[in-house]
Amino acid sequence: MRFGFVMRPPAKDSSSVIPAVMRLLSEWGATADYVDLSEGLIDISTIRARHDLYVLASTTATALSLAGAMYAAGARTLNPYPSVAMSHDRIVVTRMLQAAGIPVPQAFFGTGTAALARLGEGGPTVLKPSGSSGGPAFNAMRETDETAHNASLGHGPFFAQRYLDDGRALRLSCIGGQIFGVERSWTTRSKGRDTGWRPVPVSAELCTIARLCGQAVGLCLYEVDVVENGGQPYVVNVSPFPALTEVPDAALRLADYIYAEAHPSIDRHPALSGGKDQDRVFRS
Amino acid sequence: MKAVVIGPGRVGCGFVGQQLRASGFEVIFAARNPQVVAHLNRVGRYRIRLVGGSRAEEILVEGIRAVPLSNLDAVAREIADADVVATAVTVAGLPDIARPLAVGLRRRAAPANVLAFENLIDAGSQLRALVARHLPDTGLHGFSGALVSRAIASRLGDVRGNKPLTFVGDAPASFLVDGQSLRWPLPAIEGMVAVEDYRMHALSKLYTFSAGHATAAYLGHLKGYRYIHTAIRDAEIRAAVLGAMHEGHQALSAEYGARFAGSGEDLSAIVARFDNAGLNDPVSRVGREPLRKLGSEDRLVGAARMAERCGIHPAYLILAIAAALCFEHEDDPSSLTLQSELTAGGVVRVLRDTCRLTPSSPLGRDVMEARARLASGSGDGNVLLRLRDMLWASETDPGPSRTARTA
């Protein structure tokens, strides 16, 4: 059984769960490799599936292109490549969530500083690059004069959401239908008493919202950021791979899911490569 | 030499058939499913995949054929001149095979030995009693349970196809039979060990290996894991599994002496077997049939009762019983019945009728208390994140169905 993790190997001091997941899969008899194009040159015609299952664990432009090329060559991926590619674009995702009836803050996209200035006049706004699922999901632009500064976000269109602050932010990690929540308080963070994320039970309403997000975007492994305002939850971000920060036994849970997802495609044990030659036969 | 194996399932093919073929027996399977009969006759062989960590070996078992269990005459003809008869149909299937077995035994001129590869303390005597309803004079024949050491997790392949089925299990290849219940000379089967104190050996397996396996499955299910090899990597589950097996081991030592209980090293070796990812053993398979597994003499309740009798507080076994009471899986009718019974009659009735526990006894009270704690969050796919502070992934629904569950 071979697993490919489409991503750069994380730094040694990284909090990523992926190294622990790969270690578990290896201990269970599988092979787990990073699939990366770090400073390399590759003949596109040579790209093909060499693993039983690919885990698309990065949404950098390089990782997405590599994943897409392997998908085109028949690779089996955890999270369908088209959904991951689509979820890379916040503008597209926001519209999909709206179409599915999922509560999101009022959102905009535009180009140029004039548009940014107009946006700022409408009240506090969260400004994000449109073409990435990562980035500062909770950075707020409160004053109009910040708009020019924030205009340096990138060359493409900007994406903005009305800022909602009710003191509670939740991150919901979804692993194949199971939903795990962690909570962080905005007010404690702004006062410099950041205690970090802590696991909390997720309400039935939020579980439903998280599941609807996955259905809307077509993901089975993802993360949903939620802020609450006036007692109403709003989805502010959907990422196609969960960080699983502070989720108890996160690596074990993710490895269990990945292993199960690959299992139906496995017909032979990885140690059995020689076929019939290795058989002991009891003949009549 | 000829052997008839009733039940070509995981144990029948994945263990019994292999040992019999390795010992030179011609093997005829009797199967309830006509597709299985047709497949085995068409393909004439199957594979066994023995796995341990990253190592695996495949064995091809050839020289087999099958008859339909529904064809009484055909089954009886095969049994009439067989040198040994084996069953591997699960406890629930035993009543259905009693008649064909009786018809076959009636036609015999010589005594036969019948080995019941069922996970029961008294499989031999239970099968004898069932057969006696159709054949009064069963005394001519030997009936014994057979304790298998191998775990066979799955069958791969499609009986409609022409490729051999594959049975996946771990390596151990010995089995125990009750030497006092069989007719001599005993059949010469590879790996067979005849013992005089079969019941104690059966209890020893049940209250250590099976208790640990069930603990891993029921807590693993609550924690949302899919496989036994994953569940056992969870530190809280691993501690509970070792704890439950240790309590069973202590009870066995106190009741029968250390010889039957095994050693602490044996318990570590058992846990190492649960770690075997090559088995791909789903939590749902190991946990299925909770009604049977919650029986008064079975792996959890039986071990807990014995421990309590011996003055040992079975804290981990109590936790495992409580977790078993929460087990619900859509593909397992026994678990659905259990949950219906809990809803209809409450936990008191299930403890009394299924576990044969007095709810007001110390053990009964402890089980009810532990079950109430777990039931407050379990159900509807909710996942237990941490046992120590009972942190659940989803908030508890205070609706009427939940109230009924915790009643």
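1. Contacts of B:Ala116. In this predicted model, B:Ala116 is in contact with B:Thr87, B:Ala123, B:Gly124, B:Leu127, B:Phe143, B:Ser144, B:Gly145 and B:Ala146, its neighbours within four places in sequence being left aside. The residue lies in strand E7 of chain B, which covers residues 113-116.

2. Burial of B:Ala116. Within 10 Å there are 29 other C-beta atoms. A residue counts as buried at 20 or more, so B:Ala116 is buried. As for B:Val89, 27 residues separate it from B:Ala116 in sequence, and the C-alpha to C-alpha distance between the two is 8.7 Å.

3. Chain B as a whole. Chain B holds 17 helices and 14 strands. Its C-alpha trace spans about 65 × 45 × 40 Å along the principal axes. For 407 residues, a compact globule would have a radius of gyration near 22 Å, and the 22 Å of chain B agrees with that.

4. Burial and contact range in chain B. Of its 407 residues, 54% count as buried. Taking the contacts of chain B with a separation of 6 or more, 70% are between residues 24 or more positions apart.

5. Contact between the chains. Chain A gives 29 residues to the contact and chain B gives 36. On the side of chain A that touches chain B, the elements giving two or more residues are strand E9 (178-185), H8, helix H9 (250-262) and strand E13 (280-282) of chain A. H9(A) supplies the largest share of that side, four residues. By class, the side of chain A that touches chain B is made up of 17 nonpolar, seven polar and five charged residues.

6. Helix H4 of chain A. Which residues of this helix are buried? In H4, residues 90-99 of chain A, they are A:Arg90, A:Val93, A:Thr94, A:Met96 and A:Leu97. Seen down the axis of H4(A), the buried residues fall within an arc of 165°, so they line one face of the helix.

7. After H4(A). The helix is followed by A:Gly101. The phi of A:Gly101 is positive, near 80°.

Notes. Residues are numbered from 1 along each chain as its sequence is written. Chains are lettered from A and ligands numbered from 1 in the order in which they are written. This is a predicted model: local features need pLDDT of at least 70, side-chain atom pairs count only at pLDDT 80 or more; totals for chains, interfaces and linings use all residues. A residue is buried if 20 or more other C-beta atoms lie within 10 Å of its own, exposed if 12 or fewer, and partly exposed in between; C-beta atoms are placed from the backbone. The arc is that of the directions from the helix axis to the C-beta atoms. Two residues are in contact if their C-beta atoms, placed from the backbone, lie within 7 Å. Ala, Val, Leu, Ile, Met, Phe, Trp, Tyr, Cys and Pro count as nonpolar, Asp, Glu, Lys and Arg as charged, and the others, Gly among them, as polar. The radius of gyration is taken over C-alpha atoms; the globule rule is 2.2 Å times the number of residues to the power 0.38.
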